[in-house]
Amino acid sequence: MLNFSYKVSLRSAKVCYINALAYITTNNEIEYFLNEKSYKIHSRAIIIAVGSRPFVPRDVPGAFELTITSDDIFSLEKSPGKTLIVGGSYIALECASFLNDLNFDVTVSVRSVVLRGFDRQCSNKVMNNLEELGVKFKFKNLPSKIEKCEREDKLLVTYTNGERDLFDTVLYAVGRVAETKNLGLENVGIIVGLDGKIPVNERDETSATNVYAVGDVAQGRLELTPTAIQAGEYLARRLAAVSSKIVNYNNVPTTVFASYEYSSVGYSQEKAKEYFGKENIEVYLREFSSLELSAAHRLKNERLWADEFDKEASPQCLSKLICLKSEDEKVVGFHFIGPNAGEICQGFALAIKLGAKKSDFDELIGIHPTDAESFCTLSVTLASGQDFRVSAGCGGGKCG
């Protein structure tokens, strides 16, 4: 549907769309083949926006031949069934979430930590939420071989520790690589990194005159659809000489669409300490259950029960502000885990971008009863050692 709507938009804008693989021949020329014929196009500017594709390792026997990626999951001709997801990325956890929500048996195999680069406390909270919902995690135990078990029509996975298990589907989500091979970049002197990405400056210019790169293919850029869209729009306006704006990649909000979403903008606790110093950081936080979710008695997955009294699910939500003491507690990091986290963060992201302080959050009157109002009443700091978990009340509100 999206591909079709983009084609319609291009046609409406009177853009000539050619479905063919092109490669660069000079700084002002590309060549492509269509129906076994060669065609050339001359242009004042060439924009590379080929994006990236999921990476599947070739050094694991059977991985490249027998597994799928997130590109394939929605076009399967049969149920995915019992699924192994390899990787701890946000794509891995998002796929694990909706497959588990659809009641499939899901295991996630992770090399080291989940959501590398995100706030550690929040990342672990996302993982704990998924575990309580039924997702299984294996750490430091990756597939070493994948074989087709014809007798049972399943995939036999052998792990690095020697364990073996049968799965209906194995999905790799261990990262993405830029699609820059065979584009003729060497013809104009562009040297890509090991990940295939193209070095660019703040104006999206490559090392080759008249050649630009935007989106996932550009080195050092956030791999997010909205940033790629804005980069493309801004570049088009600059090339048309109607604007000189460049994209501001600071304080870009993002969301991990897990079963309980995790949304953030600004610094993680770890990055804030690294940039500003541990003694200069104050962290405010609160853990609670969303009001709608607490209306029913919720149990965590039976595998996690320690005894008959340890059945209750943990609070699903976590609200966290990271503040800079030296600047009157300016908020440099906003993090929320819970239902509709993306919707909540989108609004607060503007406040962070405009330099809001903790006192601004304190003076803001919350909408009751919502999860978002928790940010108006945060009083417990991580440094205080006090319990920041709230076991009663109206979701993010003060009552109870």
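Tutor: The account below begins with the salt bridges and then turns to the sheets and the surface.

This is a predicted model, in which local features need pLDDT of at least 70 and side-chain atom pairs count only at pLDDT 80 or more, while totals for chains, interfaces and linings use all residues. Residues are numbered from 1 along each chain as its sequence is written, and side-chain values use heavy atoms, with hydrogens and water left out.

A salt bridge here is a side-chain nitrogen of Lys or Arg within 4 Å of a carboxyl oxygen of Asp or Glu. The structure holds 21 of these salt bridges. One of them joins K125 to E287, with 3.5 Å between the closest N and O atoms. This pair links distant parts of the chain, since K125 belongs to helix α4 (residues 120-133) and E287 to strand β17 (residues 281-288), 162 residues apart. Helices (H or I, at least four residues) and strands (E, at least two) are DSSP runs, numbered from the N terminus. K125 counts as buried because its relative accessible area is 7%, and E287 counts as buried because its value is 8%. The word "buried" means under 20% relative accessible area, "exposed" means over 50%, and "partly exposed" lies in between, with a 1.4 Å probe and protein chains only.

S314 also belongs in this picture, for S314 touches K125, E132 and R389, not counting residues up to four places away in sequence. Contact means heavy atoms within 4.5 Å. S314 is placed in the loop between α7 (291-294) and β18 (317-324). With a relative accessibility of 18%, S314 is therefore buried. Its C-alpha atom is separated by 40 Å from that of A231, a residue 83 places apart from S314 along the chain.

Another salt bridge connects R221 and D204, whose closest N and O atoms are 3.2 Å apart. Here too distant parts of the chain are linked: R221 is in the loop between β14 (211-213) and α5, whereas D204 is in the loop between β13 (176-178) and β14, 17 residues apart. Both of these residues are buried.

The salt bridge of K145 and E147 has a distance of 3.9 Å from N to O. E147 is partly exposed because its relative accessible area is 28%, and K145 is partly exposed because its value is 34%.

The sheets come next. Strands of a sheet pair through backbone hydrogen bonds, either parallel or antiparallel. In this account, two strands pair if DSSP finds at least two bridges between them.

An open sheet of four strands, paired in parallel, has the order β8-β7-β6-β12. Its edge strands, β8 (136-139) and β12 (169-172), each pair on one side only. Neighbouring strands in this sheet are turned by 20 degrees against each other on average, direction ignored. Axes are lines fitted to C-alpha atoms, for helices over the stretch in contact, and angles run from 0 to 180 degrees between N-to-C directions. Within the sheet, four bridges pair β6 (residues 83-86) with β7 (residues 106-110) in the parallel sense, and V86 stands opposite S109 of β7. Helix α3 (residues 90-101) lies across β6, β7, β8 and β12 and runs at about 165 degrees to β6.

Strands β1 and β2 (residues 29-34) run antiparallel and are joined by four bridges; the bridge partner of I24 in β2 is I30.

Strands β10 (residues 154-159) and β11 (residues 164-167) pair in the antiparallel sense over four bridges, with L156 opposite L166 in β11. Their hairpin has four residues between the strands, and G162 takes a positive phi near 95 degrees in it.

The last topic is the surface. I229 is located in helix α5 (residues 225-239) and is partly exposed because its relative accessible area is 42%. Together with M1, L2 and Y6, I229 forms a nonpolar surface patch of about 520 Å² of accessible area. Patches consist of residues with over 30% relative accessible area and no salt bridge; like charges are joined within 9 Å, and nonpolar side chains (Val, Leu, Ile, Met, Phe, Trp, Tyr) within 5 Å. Accessible areas come from the Shrake-Rupley method with a 1.4 Å probe, and for residues only the protein chains shown count as cover.
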